[in-house]
Amino acid sequence: MSGARRSFAGVDCAVAQAIEQMGDPWILLILRCQFQGIKRFDDFQGHLQISTSVLTDRLRRLVQTGLLRKEQDQQDKRGTVYLLTEKGMDFYPVMIALHQWSERWEAREDGPRLELLDKQSGEPVRDVRVLSQDYRELSARDVLALVDDQSGEMMQDIQERLKRRRGDAARF
């Protein structure tokens, strides 16, 4: 991808806000490294082969948005480490869903790139799914997305367009 990316900072939509914070490929790769245990600047840089200025900027953004926190390295008092916050940890299911989606649709012929196992049982991790309150698996066709009066213009526009076309509420 090239060119300037549109800012979604003022858009009242949960997905647009997530893109605003997470929509940069380096952000996602840095978080992937975090979930795999990488915490130090030089380890991020060496693994990702990312420039110092880009890595500095992305780590700063991750700290500013509350996904990471910066602390003094307990093993090397001269250094710092980056640690996931609660907000950052909450992104883990999204990361796993991205991984599983890619393994399904962009799979390698020689097998999975990575196997995710439950540390306690050693069993493979189940696919991330959307579940109903009674644990039925739901697809996009099973979910009704309703906006309220406080929803932003973007969401209300979607709702209105779909109502005009189908005469009912948005069904994705």
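A residue is called buried when its relative accessible area is under 20%, exposed when that area is over 50%, and partly exposed in between, using a 1.4 Å probe and protein chains only. By this rule strand 2 is mostly covered, since four of its five residues are buried; helices (H or I, at least four residues) and strands (E, at least two) are DSSP runs, numbered from the N terminus.

The model is predicted, with local features needing pLDDT of at least 70 and side-chain atom pairs counting only at pLDDT 80 or more, while totals for chains, interfaces and linings use all residues. Residues are numbered from 1 along each chain as its sequence is written, and side-chain values use heavy atoms, with hydrogens and water left out.

Strand 2 pairs with strand 1 (residues 68–72) in the antiparallel sense over five bridges, where pairing requires that DSSP finds at least two bridges between the strands. Within strand 2, Tyr-82 is the bridge partner of Lys-70.

The largest nonpolar core has 18 residues, and those touching the most other members are Ile-30, Leu-31, Phe-44, Leu-59, Leu-62 and Leu-68; such a core is a set of buried Ala, Val, Leu, Ile, Met, Phe, Trp, Tyr and Cys residues joined through side-chain atoms within 4.5 Å.

Leaving aside neighbours within four places in sequence, Leu-31 is in contact (heavy atoms within 4.5 Å) with Met-22, Leu-62, Leu-68, Leu-84, Phe-91 and Met-95.
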